[in-house]
Structure formats: structure tokens, C-alpha cells
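Visitor: I would like a close look at a single part of this protein. Please show me the model first.

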Amino acid sequence: MNTNRMMVKALMVTALAAVTVSGALAARTEFGAVKPEYVPRIDAAIPALTVTPAKPRKVLLFSRTEGFTHGSIPAGIYLFTALGAKTGAYTAVPSGEMEMFTPEKLAEFDAVILNNTTALKFTAAQRAALLDFINSGKGLFGVHAATDGWKDWPDMAGCLGGSFAGHPWGAGDTVAVKNDAPDHVCNESFGGHGFWIKDEIYQFDESYTRDNRRVLLSLDMSKPQNERNGIRRADRDVGISWAKRVGQGRVFYCSLGHNDEVFWTPQVVAHYFAGLRYALGDLAAEDTPAASYHAVPAPAVPLTLLQAAELRWLATPAAVAFLTTYQPGTDDALAVRWRDGIRTLAAADREPVARALAAAGEAGKFTPAGLTVALAAVDKLGGTAAVPWLKKLAADGDATVSGAAAPVLAKLSPAAAAEVLPTVGDSAKIGILDALAEQGDNAAAAAAVRLVNNNANADVARAAAYYIGAVGDDAAVSILPADVSWVRVAAGERAVRAGRTETARKIFTPLSAKKNPAPVRRAALRGLALAGDTAPFFFALVDADETFRKELARVAVTLPVASNMPALLAKSFALFPADVQLLLIDNIANLRVADKYYAVVRAGTQAADPAVQNLALATLGYGGHAGDFDLLAAALADGDAAKSAAGVLGLSRLTADGVGAAVLKAASAAGDDLQPRWLEVVAARGDHATLPFVIAAVQSAQPGTRSAGFNALKNLADAGDLPAVLALRPLAVEGRDLGPWRETVLKIARFYARSADLLPTLTPAAQQAAESDQPLFAEALAIQDVAEADAPLQELLGVSDLAQRKEIIRAVSRVRCATTVRVLMAHAAVAPDEGEQVLALRGALAALPAVSSLKEAEKLALYEQAWPLAAREEERDTIVGELRKMGKRFKEAGVLLGKLGVAGEG
């Protein structure tokens, strides 16, 4: 070790004390390939359909995590890519790069899939781009964790329909799902009833409501099996999937998707596919909010896969007799009745069924396949009625039988399992030890010590070692062999949790040596820090190779914050290499723990490396200290562009009391050179009270201030501000100002569509608009989707210039609503130019399938009306394609095809 390293160590020793820490997860965009064995399962679950979209569809399949990473992400990537390719519905473009969220790049896509994304960090511009994309008529499809991470962006939580607020139902739980819309097109695969599924189920914050969406699936809270501690809502309403409108766009969300197997469950895959086609605008699906939720559903809709009579069948002699003759492939449906019925059997009915199974088993009547079903049933039934029978099975000479029975015995009676452990065969021994370890039961600890020392079977000895590591006392742990490193790590962590820190140190110290594999060493250093010995952890942060140092820096802020680790990290911060400093600050920012690690972030603002300084300044805002305002304001005013940008970020994130007023005061007093920077802060904070200041900035004679004001306007203006925004049009003379002004008008039109305040303002503005603004107002009027917008739109379409009329048609066509259909269909009938007629008809036909407010009979009438206007094969093919799709559910569509002289098949 060189002298500098020795000096660093000497300095650091003075800062070490007992410690626990908390921290972050780095962003992930690469998740590896789907497991090969999953591919045929997923392929088999994809519907055997070929569909014809209204136009070629392109989907952004976005997979990125900046919080928890789900292991099922690769399965999702494969499914949604293959689903589009095999059905022809769309082409998927997988990505995990935030740079995709710009207006230009999003314009390439018809929908975005958020594939188990977590804690995504969007800039203000990216937020606006995504919301504008959806509101303009595009689609958003969310899977499982797509609702996790929007606490700081309520607009997105509202868009998706909720923000993750915990999962009392874990990945290993089998839950009852209620079919809220048995006749809905997206629920066709469920056969009109609810179902049971094994998956993690989310609950949501107050942004979840049935008032603005069509809930399709929810937890069936009439089933006692679904009760859990920690359910937030008094009404017990836990939505699972829904369809909803956002502006002109369509959003579909389903919280199923934690477990890999969900992605090859055919019914769920079909549900996904229908929801994705709805989001794309290619499947007409009901999305108007349904009736109020009732905690106990009406009994008319069967909510399980079994009828009540089938449940009663389980307690009959016939049910047990079936298991004495059952052979796989002969009557598997009855075996399924056993499996599913046990899940829903009332508690009072369980013991008689267990007794009947045990009696038949004692008599040796079950076939091998029947025995497998019986053991699975006894495992789920619980109780002790079958324990004597299970003890006999565990001692059976057939390794398969004893190995299957032993874990069930250990689950139902740990004491009985420990009693027979010394006498049963090796397969049963391993089953008992593994089951008891999973339960944390130490009933067999003494016997396991003997098995470690004296058993000739290496697999049994290893199982015993793992069991001791999980549940053994200090004496038992001390005899563990050196080659079971992870067993020792688990034992050490258990010792820490029990407060036996000296034992934990003895276990972890040899494991922390450099000779050990990096994962083991990292876990040992973490364990030593938890046990109060922080010196090895800190020395490794400075002394280890670069890769390991970075890994350990991540660990530094992933431990519980129950000691003085934040203070120690802050005191030693200057001694760490710059890459470690950056990782520490970045992890603190990602997990939003700057309040707990505030001293570390402050230390980062004094770092020698400018990159560390700037990251710390940007993170400082999360700390919530009003006293940091002056420091961040000074950074904003710095001549260095990177530091100034960090100051803007920090001020944008600072939410302490009084900061909003201080920002407005400083922004108002800033000179021409700094006002654009302050306007960035004002825009990012989104405080509507600052709108007068922004409007004053728009009226500035300084081009930079004026442009920054127009950009801020987009984030702050609401429906009541539309007249003031329109009055600013003469000031938006430069190209860089005109775009943000138009975006502001459209944003108000989308977010406040159908507002009573908008149409009286938009109509005269459209009538008085300059030619260059007429398409903008045409689009804004169409977005309102009310009959009162028809007349001003027709007036705009009556201008004399053909090129201008086409631009207005294109603007109206961007909106998929009933108004678009009415206005463009009427214009296509009277358009004097053939190209103009084609353009208007294409716009109407593109919008028609997506209009949920029109009944099927009304849509058929419109297609019939459009037929004589369709002079080209292309438009006729579009009409025929839509009628054929409708014909699968509405025979009247087939009748119309015949009337038009077109075959209904093909």
C-alpha cells in the first residue's frame, strides 16, 4: 500500500462508528434475453389471429427502471414484440432511452407501452411531449409497475389512472379477480366470469377513481382469501385493469404482470392484446365510466371458475374416489376442480376434506397421479388431520413419494417433521430441511448439526447447512463448513436482526477478505457495517478496484438509516474518489433520500470535482431546506453553464415553505441576463400564481426573456387563461416563440376539452385568425368534440384557397372524435377538388373506429354514407376492412357488406 493510501486510511479511521445506511437503485435499460424455455410458452399463448389495423402501426415498447426492477421485463419485451409481429397489429420498437420522449420522436409512434417501468425521471419538456402525444389522439398502455413512480408528477398519475401505493397481495398470492365488465370486448377471453390468478396486485392512491374510466377487472373483495392487512381504501375497491380517455387519446392499464407466467397465460395475453388495440385506436371498446362500485358484487355473474356445487363435490366420497383411479389425460378437468376448489373452500369445510383424503391415503388407494393431487390438496387445506398419514409417507421407501410428502409434513407440523428427520430417506430429509428453513422453524436444529457432521450424502449435508444458516443458534452456525459462503452470510444477517452483533462480526469478517467472490465480499462488508464495524466498508470504498468500489458505493445508500452513517459519509466525503462521490449523490437523488443524507449532499457541494458539485446542487433541492435557496440562487447566476443548470434544477425541486415566494421575488428582480434562467425555474415549479410574472416576461423587449416566457407559459396556463394567452399572439413573431405559443393553445384545448369556457373564446378567435393560425384553431375546435364546434369549423373550411383548406383538413384529421367525423364527412360530400375530397374522407374514416360515443348502428350508417364518396380503391378497402372487423360481432355489418356488393369474409 502506498503512503497516500495509508494517510487516507488513517484519516478515515477517525470518522468510523456504528452504522446502518439506506440508498438507491441505478437506472436499468438492458434486461437480457427472455429465458429460452419461456419462448414456446409465450408463443403458444399469442392469439392465432391476423388483424388489419386502420394503418400500419408503430409502438414504442419502453422498458426502463430507475427504482425496483421486475424480473418479468424480458418476458414482457418478448411478448409485446411477438404479439405485434405474429398478428400484424403493429411493429414494436423496444427502447429504454429517455431521449425517445420528444415531440419529433414520439411522432413516429401510435402508442407507448410502459413495460414494468419504475420511477422514471422525465424533464419538463419530456413530460409535456408525452402528455401532448396522448392528448393528441395517441395511445398509452401500462403494464403492472407502470403506475409506480408518479408521486412527483400527478398529471401522469391521473393520465394512467393511479399511482402505486403498495401491494398487500404479493407475488406468491393467488387472488380472486372480479370481472366488472363481462360483455366488454377486452374481457372476451375470460368467458363472462371472474378467475383466480397467482400474481402481485397493486393498490393505488387517491388518484384512482371509477369516475373517469371503465374498470374492467378488480379484486373480488367478497372472497375472504383476498383480505389483507394494509388495504388503504374504505370502499375496498382495488382496480386491476381499465380503459380510459385522456383528451383525444386512449389509455389502457393492467396491473397483472409481476410474475413471468402471467405473460404466457392465454386469457391475460388476449386481454393485453385487446387493450393494446384499443390504445392504438384499432378496436372500438367502451371506455365511458361504469356504474358505482359495489364491494359485494351481484351474484348473477359467476366470480370463480367453480360453481358452488363443485365446491361441495370436494367433500363427497366421489371426489376422493376419483383420486383412486385418476390417470393423467383421462379426466384432468376433475383434477383442476380439486386444485381450484381447495383455494375457495370455506375454513369450516376444510378439515372434513383433509380427513377423507388421509383415510383414503392410509388405505393406500390413490394412484400415483391421484396421490400428487391429494398431497397438493392437503398442503392447501392445512390443519393436522393428515399428519399421521404424512409421517408414514415420509418414511416410504419410494424416494419420489417420501420426497413429495416430507415438505407438506414440515409445513403442517414442524415438530412431527423434526421427529421423523433422522429416520427418513435422503430425499425426505432434504424436503423437510428446505421446508423448515423457508418457515424459519428451528425444531430440527439439533438433528441438522448431526447431519452436517456425519452424513455421507453431500446433498443432505448441504441442505442441513443451509437450514442451520437460516435458523440455527450461534453454536450451530459455528460448525458450518467454509464452502457455504452464502449460508454464512444469511446466518450473519439473521444474527444482526437478532441483535447478536458480535456473532455477526465473527461470521462476516473472514467473508469480507479480498479472496472471496465480489458478491460475497460485498454482502459481508454490508453485514459488518450493520453490525457496527464500519472500518472495512470505508476502507474498501477507497482501496478496492474501481468496479467493486462503484458497487459498494451503491450499497452505501441501500442500508437502513438507523445510525450515523450519513454523518460518517459526509465527514469522509472528500476522501472518496470522484466516481464514488458521484455514485453516492446520484443514488441519494434517485431514491429521494436527500432529507436523510442531507449532510452528504451538502458535502458534495464543496467537492473538488465540478461534476460532483453540480450533481449535489441539483440534488440539494430534494432536501427541503429553505436555507439552501441562496446557495442555489448563486449557482443559477454562475457564469458556468453547467453550474447554472444545476442551480435551476435544485431550485425547481426545492419545496420548503416560503421558497415559492422567494423564487418569484428573485425572478422579478433579476437582470435581463438571468431572467431566462429564473423563468426555467418558474416553469418547472408549475405554480399558477406566477403566471402574471410569466406574461410580463412574454412582453419583454429582450428576446431571450420573451422566449423563456413563452416556454414557461405551456406549464402554467389553464382554461381560464385562454383569453390572456390568445392576446399574446402578436408578440410571438419569431419562429422560436410561435411554436410554444401554439403548443400552449393546444394544451389548454386538450386538457380542458368540452369546458364551457373554451368554445365562446375559441370561436371568435378562429373567425378572426390570420391564415397561418387557422389550422391551429381548427384543431382546437375539433378537440372540444361538441356539436357547437361544427359551424365554426365549416366556416374555416370555406376559405377560398385550396392549399389552406387542405391544411385545415389535416389539422382536423389529427383529432379522432365525433366532430371530426361529422365535419369532414360533410365536407367530403361538397369539396370542389378531388384531392381535397379524398383528404377529408380519409380523415373521417381514420377517426370513425375510435369514436366510442357512436353506437354501432350509427357507425354503419356513416360507412354507408361514405361508400359513394370513396372514388378510390384505397378508401373503399378501408371501409370494407372496418366493416369486416365489425362483422365479427355485429351481423348488421355483414348485411351492409352484402348491400354494398362485397363479400363478408376474407
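Visitor: Which residue in β4 does Asn115 stand opposite?

Guide: Asn115 stands opposite Val143. First, the ground rules. This is a predicted model, where local features need pLDDT of at least 70, side-chain atom pairs count only at pLDDT 80 or more, and totals for chains, interfaces and linings use all residues. Residues are numbered from 1 along each chain as its sequence is written, and side-chain values use heavy atoms, leaving out hydrogens and water.

Now the strands. β3 covers residues 111–115 and β4 covers residues 139–143. They pair in the parallel sense over five bridges. Strands are DSSP runs of E, at least two residues, and helices are runs of H or I, at least four, all numbered from the N terminus. Two strands pair if DSSP finds at least two bridges between them.

Step back to the sheet. It is open, has nine strands and mixed pairing, and runs β2-β1-β3-β4-β9-β8-β7-β5-β6. β2 (91–95) and β6 (195–198) are the edge strands, each pairing on one side only. Neighbouring strands are turned by 20° against each other on average, direction ignored.

Helix α3 (residues 73–87) packs on this sheet. It touches β1 (58–62), β2, β3 and β4; contact means heavy atoms within 4.5 Å. The direction of α3 makes about 155° with that of β3. Axes are lines fitted to C-alpha atoms, for helices over the stretch in contact, and angles run from 0 to 180 degrees between N-to-C directions.

Helix α7 (residues 266–280) also lies across β3 and β4, among other strands. α7 runs at about 165° to β9 (249–254).
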